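Please go through the structure shown here one question at a time.

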Number of protein chains: 2
Amino acid sequence: MNQITPVPSGQVGRSVPRLEATGKVTGRIEYTHNIRLPGMLTAKLVRSTVAHGRIKSIDLSEALKVPGIDRIVTSEDILKIIPVPYYGPAFHDQPILAIGKVVYVGEPVAAVLARDPHAAEEAARLVVVEYEELPAVFDEVEARKNKVVVHDQLKPAGTFPDLKHLHGVRDTNVALDFQLVRGDTKKAFAEAAHVFEHTFKTQQVLHLPLEPYVSAAETDGKTMTIHTASQSPSFVRLEIARLLGWAENRVRVKAPFLGGGFGGKLYIKLEALVAALALLTGRPVKISLTMEEQFYTLTKHASTFRIKSGVNKDGKVIARECEVWWNGGAYADIGPRITQKSGFTAAGPYDIDNVTIDSYALYTNLTPAGALRGFGIPQLVWAYESHTDLIARALKIDPVEFRRKNLLRDGRPQATGTIVKDMGAEVCLERAAELLNWNKPFDRGQGKLRRGRAIAVGFKASISPTTSVAVVNVAADGSCTLFCGTVDMGQGSDTAMAQLVAEVLNIPTESVRVVHSDTDVTPYDMGTLGSRSTFHMGLAVKLAAEDAKNKLAALAAEVGVPPGSNLPIGELFLRKYKMQAGTIVGSGSYIPSYTPPDHANGQTDNATPFWMVGATGVELEVDTETGHVRIERMINVADVGRSINPRIVESQLSGAAIMQLGFTTTEKMDFEAGQVTNASLADYKIPGILDLPEIMSNVVIDASQHNGPFGAKGVGESGTFGVSPAIASAIEDAVGVRLTSLPITPEKVYRAIRAANNDPLED
Amino acid sequence: MNQITPVPSGQVGRSVPRLEATGKVTGRIEYTHNIRLPGMLTAKLVRSTVAHGRIKSIDLSEALKVPGIDRIVTSEDILKIIPVPYYGPAFHDQPILAIGKVVYVGEPVAAVLARDPHAAEEAARLVVVEYEELPAVFDEVEARKNKVVVHDQLKPAGTFPDLKHLHGVRDTNVALDFQLVRGDTKKAFAEAAHVFEHTFKTQQVLHLPLEPYVSAAETDGKTMTIHTASQSPSFVRLEIARLLGWAENRVRVKAPFLGGGFGGKLYIKLEALVAALALLTGRPVKISLTMEEQFYTLTKHASTFRIKSGVNKDGKVIARECEVWWNGGAYADIGPRITQKSGFTAAGPYDIDNVTIDSYALYTNLTPAGALRGFGIPQLVWAYESHTDLIARALKIDPVEFRRKNLLRDGRPQATGTIVKDMGAEVCLERAAELLNWNKPFDRGQGKLRRGRAIAVGFKASISPTTSVAVVNVAADGSCTLFCGTVDMGQGSDTAMAQLVAEVLNIPTESVRVVHSDTDVTPYDMGTLGSRSTFHMGLAVKLAAEDAKNKLAALAAEVGVPPGSNLPIGELFLRKYKMQAGTIVGSGSYIPSYTPPDHANGQTDNATPFWMVGATGVELEVDTETGHVRIERMINVADVGRSINPRIVESQLSGAAIMQLGFTTTEKMDFEAGQVTNASLADYKIPGILDLPEIMSNVVIDASQHNGPFGAKGVGESGTFGVSPAIASAIEDAVGVRLTSLPITPEKVYRAIRAANNDPLED
């Protein structure tokens, strides 16, 4: 027997190379796109060409003439097997295929099935759908006026107990209205020395994982197996079980490695459709979307944020009023939960006694919007940190100093009333300032090239209620297998989770095998989202490993091995089972304690199990003749509690910051009457290597989250928080113009400079 | 949420239809033969044409000219990646491919790899191997004389602690010699009124599952996945890990449904070879044997059993001497454990004070022999029950009455000294006698058609030490998933195990999903063998379900639900997790208590956790002009403790009896100089529907195994025990001739009749 030899602690905190690294670079890793099932049909989708309309007729006759077409499915077929075919995490509002009407351009209306994807594609183009067009609404502020109403009926799902009582009203576009009231804003504004009000906007952008959406289903009519690039297999399982009226264990959802997710592959996307098509045809069915089709599937919320602050004579913010309009697109997806969860931090990481927040989840006739790396927070930080710098500038206070005056510190109540602990905003701000040499003179350039700098800080609550469960099996030679529903989509979770097991059991990380999400196998996990895995699943994994460790200790006692003997685990098995035999099974389950906010005023004494904090400092140069912005230096600082794997944490910070840089400077979906006009990677520009900051540092604060696994907490989003406002404020620092809507393109900068010089460009 | 509704107890004891029934009849069930992996190569084997010889040369030149041949592998290549490439459960004696010499006809010498199996097959025929032939030994009694020695060196594996100290001696063919001594046989024989001695023989027969041996392997060099039709995935995992020098969790073994096993697919067969080939080529490799190749892979032990009894004047057996020679073929496989485990019951289910047993595991130059439905017991029962009837006949005592005088009853010591409990031999005998109307007059026919009847009883110990582990996951809607390494090879174990979980948790059996053996997923199980699953794995499953039930009770207490509220399980999850979320993980591990036999005299106070007992009664008609035997009626009675699923138990008894009927009447491998001469199903005859008894009853004794799960114990083999001796004794009852070697063909019967009439047939 090759027994695993015990090692001392130190597995956590070590930059263990990723367990899947070799497999990835040698092309051996399994992705859903590679799946071929015997007799499998491919489905191609016929999509709506109007933003809002009634379906008058669907003519399949020409399409059915294409050789090799197996079947063309519309909602009429779906309704025969699923009587109420509406899905969604927060609202059951999205039909598997459009029923009677369409509410955005690109909405799936029919599915063409064939063995040959090319035949299916050709036939899909030949399906003729006639619409009666209806007036449409695209802007979130317009949508709030309810002149055009997207849905006749609101269908809250009841999935999330924290959203109860918050859902909107019939005959409006308001899916959810989150309200928070703390103190007496009216009185405080009246007493303020200065009042500032600004409005900021963000645009529709995309998740754009390099692996587009893909799902396949196979069924024998009794059980359903779904192979899917999903961040939330457990949710897919229960949603498919609900739609079919089946027990959860009749549905099996398998997610291998993902080629990126960023929130796009959460909850349920193609899975209900492939399941229905597999049931209808009795054959395995796969749908692989194209890059273009990602533009018709899910976006990040565009938003409008009106923020108003009252400041006293000492530069202390005493009142803040926030109104946020979230453009949820045609279906709610997780928008309502984003609206509520981000809503309560809309006033920023500041210590303000009087706060009101109104956060609206709105339906419009655009591609549905969902969670995208930050769960709404980057949109909010963009606004409140731009606002913060504008106030500081107006009051002629150094912006770092102004933040110091107002920062929310441990022990003080956040806007919900929850007392803050391990929040780290101050230390992130100070570290960023230190690394930028904030106190040293800064050369702002001259001539056409001007330089500016800025720092911004954002924070985020974690999600709750939310549950993770893990199992650790110890084999007879001491090697371990971890069953963990966390989906490794590139963030390195397999390695980090293995490190937690290894640390608890004093074995090398490399001797822990991680089994990928398969709902027949891996226990429940809410989903790989919101930077929750390291903390929530990490705690479940730690508990599971500790359970295994306790059972090993009991085994040692049973076979007469004294504690601390440091005998290889395999020896205990040999003594107990007389052979190389047996498995020790440890399990752990974690749900944080949590108090849902009072639905009248958003107050709660326990809003979140932990806070995430990130600060970004930038130094940049603006070419005043072209509007081009060159980012010379970007410093991303985050309090991650303790790094389980420093190298992975650093790449998380870096990846998040670069992603947000794209959203800040180049990315934007262009629409014309609801139709995306730049639905390709040629026209929709994500950052290339030349767009990156010349110097980028990703810095982790050496802290400890009191309730985290070995002091760790989430890090996947913190790098996004400060990027947009820091860039906008640094541009203002350089050239004196303030941009209030994203993206900050050279054209916009140039136009702003010209306008500031009273020489505006014509459109 | 579609919650699972609680049901009252009664899941155990119900003939629940098999969970996989629909999948099987609709052709949806997954078998290893169906597996295709991307880029997969097929290997065809070049096999030895001599029974014993040195390999002088292997010429691949012609074979390599066949288009499409990827590579031809010999032991030279294997040795480069596996320095000690010998495998086996009891001895590490079998090379992955022959090294330097061959020891039986059909031994794999080289593997030809190609994408196209036909190309590989063609090339395999063109490989020229030159041998220097050596003298060979085929008969087990001859082998004991060690004139020809098969292996220069004996390589006990040390896997099974109960085999330690028993292995044989260098330069002999004795792999293991099990000796049991109880009382003083010599003295008792001297005191006996009558002494009887007979010798019985059994032939080589085959497992012949309709799914022949098949395995496939894929590897990235870091982990190895093996898809295999195996009855013992956990053993394959540890054996492959041992060969490669890897940790167990780097090897994943997956076994879907099996198309029959019967002991043939135990331990390790093709798996080491496909693993080595996958490592050598970097490609997935599959080997699917043909029906013919089953004849070169594994047989049932041929045996010679000399049995001698001393009987006192009251018809009580007071001394018994047993000498059993097991023809293990060229490699030990599990033969040594069979030799030991069956060895200690060789004196039969009789209460005899003075017993000696010698049981030899012998190497010969034939196809290796392994476990085949009964672990040696049917060979022993054949002998000791034939012997019993011969004694009764000689003493003119009714054979049932003679057994009544001598049967081993609960509370009395068996030959090992272990006090017998829940053994049931008496009740089986009495029930068989009752059902055959033993006390009523029996018409023995006249003219050429003569009738006879007989009853035989056999017993078997269960295996120990042996371990099973199970996990039960409860989902948020109350549906359950059972992780259980027991391989469903047609015996219905999935259904029975699901019934155990359902009984404990008060849910319908149909709401339990059983996950198939996958060593990344299902915890350790020693193997699906020796009728151990219902008892050993059944206890582990019951413990796991009880663990889950306890955790559910704790959950209920936590959320304030009083005991006995009968609330659906899903409600508890909702109250705890606030959403449809979470998994309860229950685990259970079972190893029976056991005392290894003293290696000097085979004595132990705890030989087995339970005993299996089966009796068969037959009424048959012999055509004295042809030797044809028509079985009019066969009654198989078994004590199974309590039936978990009566219909499945009945089909187990029936299947076992029919299989043994084949071994008794038609099946026999014919050899010429070690070469099988009837290696096809055209020439090797298994029973067809017309060969079956006209009436067959399978009867279960309503008993309870004190330590079994809900009173149950194993049943897979009990139906085989009495068949052969009952048929032979009934033939003697009909026509007065006694056959002492299997199979009992019409020719043999006819020859015996002629010989008895002093009119022997010429050969």
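## Helix packing and strands

Q: Does α15(A) pass α16(A) in a left-handed or a right-handed crossing?
A: A crossing is left-handed if the near helix is turned anticlockwise from the far one by less than a right angle, and right-handed if clockwise. Helices here are DSSP runs of H or I with at least four residues, and strands are E runs of at least two, numbered from the N terminus. On that convention the crossing in which α15(A) passes α16(A) is left-handed.

Q: Which pLDDT must side-chain atom pairs reach in this predicted model?
A: Residues are numbered from 1 along each chain as its sequence is written, while chains are lettered from A and ligands numbered from 1 in written order. The model is predicted: totals for chains, interfaces and linings use all residues, local features need pLDDT of at least 70, and side-chain atom pairs count only at pLDDT 80 or more.

Q: How are α15(A) and α16(A) oriented to each other?
A: The axes of α15 (residues 533-558) and α16 (residues 569-577) of chain A come within 9 Å and cross at roughly 50°. Axes are lines fitted to C-alpha atoms over the stretch in contact, with angles of 0 to 180 degrees between N-to-C directions. Under 35 degrees is roughly parallel, over 145 roughly antiparallel, 65 to 115 roughly perpendicular and the rest oblique. The two helices α15(A) and α16(A) are therefore oblique.

Q: How many charged residues are in the contact of α15(A) with α16(A)?
A: Contact means C-beta atoms, placed from the backbone, within 7 Å. α15(A) supplies A:Leu552, A:Leu555, A:Ala556 and A:Glu558, and α16(A) supplies A:Ile569, A:Leu572 and A:Lys576. Ala, Val, Leu, Ile, Met, Phe, Trp, Tyr, Cys and Pro count as nonpolar, Asp, Glu, Lys and Arg as charged, and the others, Gly among them, as polar. The contact of α15(A) with α16(A) has five nonpolar residues and no polar ones, and the charged residues number two.

Q: What is the handedness of the crossing of α17(B) and α18(B)?
A: Helices α17 (residues 646-665) and α18 (residues 723-735) of chain B pack at about 55° with axes 9 Å apart, which makes α17(B) oblique to α18(B). B:Ala657, B:Gln660, B:Leu661, B:Phe663 and B:Thr664 of α17(B) meet B:Val723, B:Ser724 and B:Ile727 of α18(B). That contact divides into five nonpolar, three polar and no charged residues. The crossing of α17(B) and α18(B) is right-handed.

Q: Which residue of β25(B) is the bridge partner of B:Val471?
A: All eight of the eight residues of β25 (residues 583-590) of chain B are buried, so this strand is largely enclosed by the rest of the structure; buried means 20 or more other C-beta atoms within 10 Å, exposed 12 or fewer, and partly exposed in between, with C-beta atoms placed from the backbone. Eight bridges join β22 (residues 468-475) of chain B to β25(B), and the two run antiparallel. In β25(B), the partner of B:Val471 is B:Ser587.

Q: Which strands are the edge strands of the open sheet of five strands in chain B?
A: Strands pair if DSSP finds at least two bridges between them. The sheet order is β20-β21-β26-β27-β30 in chain B, with mixed pairing. Pairing on one side only are β20 (445-446) and β30 (695-701) of chain B.

Q: Is B:Thr356 buried or exposed?
A: B:Thr356 lies in strand β18 (residues 354-362) of chain B. Beyond four places in sequence, B:Thr356 touches B:Leu180, B:Val181, B:Thr185 and B:Glu321. With 24 other C-beta atoms within 10 Å, B:Thr356 is buried.

Methods
Contact = placed C-beta atoms within 7 Å.
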